[in-house]
Amino acid sequence: MSDEYILEVRNLRQYFPIRSGFLQRVVGQIKAVDGVSFAVKHNEVLGLGGESGCGKTTVGRTVLRLYDPTAGEIWYRTRSGERVNVAQLPPGELKPLRREMRMIFQDPFSSLNPRRTVKELIGEPLQIHRVARGRVLEERVAQLMTEVGLDPAYMERYPHEFSGGQRQRIGIARTLSLSPRLIIADEPVSALDVSVQAQVLNLLQSLKDEFGLTLLFIAHDLSVVEHISDRIAVMYVGKIVEMAPAEELLLRPLHPYAEALVSAVPPADPDIQTRRIILEGDVPSPANPPAGCVFPPRCRYANSGSCRTVEPPLQELEPGHFVACHLAKELHLAGIGG
């Protein structure tokens, strides 16, 4: 693990058992995350995109050990420089890492306790980790509210007295309270109005630059992911099928699934005519994924040979551009506005 990387995930798998019958015996496995590998540099934003149900949120929760991984390694470099495998840590040793690895949840309505004031919500992590209390805690809460664009005079109010965008800012302030190094942002703008999404994205970008944060940014909309990410990884049925610098992936996707996602991103120039690719068929079940590549049931380029019998590895086809597709070298796919 190079010193420039703060997080390195290797062959991560997260399976959930399927139980049936009176005795609730295990009859199968839902392969929510199946062999995912990636690394994130310090002060970088890696966007994780894909359709709902592809496993991207499960990746984020597993990295934070909200789920115990089925297999794989999660290497994290702490503030002191120590390199630890989060996947193997006993539960009792996770608490110190909770200060450095934090999460912004998707829904600002359900992630905040409606019975607590803003001061209590933002200050709770400070009390749990014994960082501040009393007057010092109140000053820290006021500082955090100012940093996320909220008036500290409102710290005695309750979540229902704020708009959706303001609630998400409260959630961001709560996440920042312990001065983390790595933040998992799980679709932080998907529950917000379009007019508010850009404000929250710009806030995250400015906070990232100001505090030197590293983000794993999860979203299903590539136009949102592209706005904030340095690199983008595209997931499909529990696997990463393409990973590249953000601009390169949007201009020159190498995987047919990424091409379809990119076709849905509106170009900056309204005069450019876009060709939307509509994927036919259903997403395969993660409980019974197809043999070979997971995408052929919906892929218009798939052949009846290797595509349906051999699983393609995620390989570096160009410098920094990884793709899992047997036909990637042969295909000439359209990028944004193509």
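This is a predicted model: local features need pLDDT of at least 70, side-chain atom pairs count only at pLDDT 80 or more; totals for chains, interfaces and linings use all residues.
Student: Which elements cover the buried residues of α3?
Tutor: Helix α3 spans residues 118-128, and its buried residues are Val118, Leu121, Ile122, Gly123, Glu124, Pro125 and Leu126. What covers them includes β6 (101-104), α4 (134-147) and α5 (164-176).

Student: Which residues touch the most other members of the largest nonpolar core?
Tutor: That core has 57 residues. Its largest share, 6 residues, comes from helix α6 (residues 194-211). A second, separate core has 32 residues, including Val36, Leu46, Leu64 and Tyr76. In the largest core, the members touching the most others are Ile172 and Phe217.

Student: Which residues does Phe217 touch, not counting those up to four places away in sequence?
Tutor: Phe217 is a member of the largest nonpolar core. With residues up to four places away in sequence left out, Phe217 touches Val45, Leu46, Gly47, Leu48, Ala185, Pro188, Leu201, Leu204, Val224, Val225 and Ile228.

Student: How many residues apart in sequence are the parts that the pair of Tyr236 and Tyr257 ties together?
Tutor: The count of aromatic pairs comes to 5. Tyr236 and Tyr257 form a tilted one, at 4.5 Å centre to centre with 50° between the planes. Tyr236 belongs to strand β9 (residues 231-236) and Tyr257 to helix α9 (residues 256-263), so the parts tied together are apart in sequence by 21 residues.

Student: Are Tyr236 and Tyr257 buried or exposed?
Tutor: The cut-off for buried is under 20% relative accessible area. Tyr236 has a relative accessible area of 2%, and Tyr257 has 0%. Tyr236 is therefore buried, and Tyr257 is likewise buried.

Student: What kind of aromatic pair do Tyr236 and Phe295 form?
Tutor: Both Tyr236 and Phe295 are buried. Tyr236 is in strand β9 and Phe295 is in the loop between α9 and α10 (306-309), so their pair ties together parts 59 residues apart in sequence. The ring centres are 5.2 Å apart and the planes are at 90°, which makes the pair edge-to-face.

Student: Which residues form one aromatic cluster?
Tutor: Tyr236 pairs with Tyr257. Tyr236 also pairs with Phe295. The cluster consists of Tyr236, Tyr257 and Phe295.

Student: Which residue has its charged end over the ring of Tyr154?
Tutor: Over the face of Trp75 lies Arg83, at 4.0 Å from the ring centre. For Tyr154, the charged end sits 4.0 Å from the centre of the ring and belongs to Arg157.

Methods: Residues are numbered from 1 along each chain as its sequence is written. Side-chain values use heavy atoms; hydrogens and water are left out. Buried means under 20% relative accessible area, exposed over 50%, partly exposed in between (1.4 Å probe, protein chains only). Helices (H or I, at least four residues) and strands (E, at least two) are DSSP runs, numbered from the N terminus. Contact means heavy atoms within 4.5 Å. A nonpolar core is a set of buried Ala, Val, Leu, Ile, Met, Phe, Trp, Tyr and Cys residues joined through side-chain atoms within 4.5 Å. Rings of Phe, Tyr and Trp (its six-membered ring) pair if their centres lie within 6.5 Å; planes under 30 degrees apart count as stacked, over 60 as edge-to-face and the rest as tilted. A charge sits over a ring if NZ of Lys or CZ of Arg is within 6 Å of the ring centre and within 35 degrees of the ring normal.
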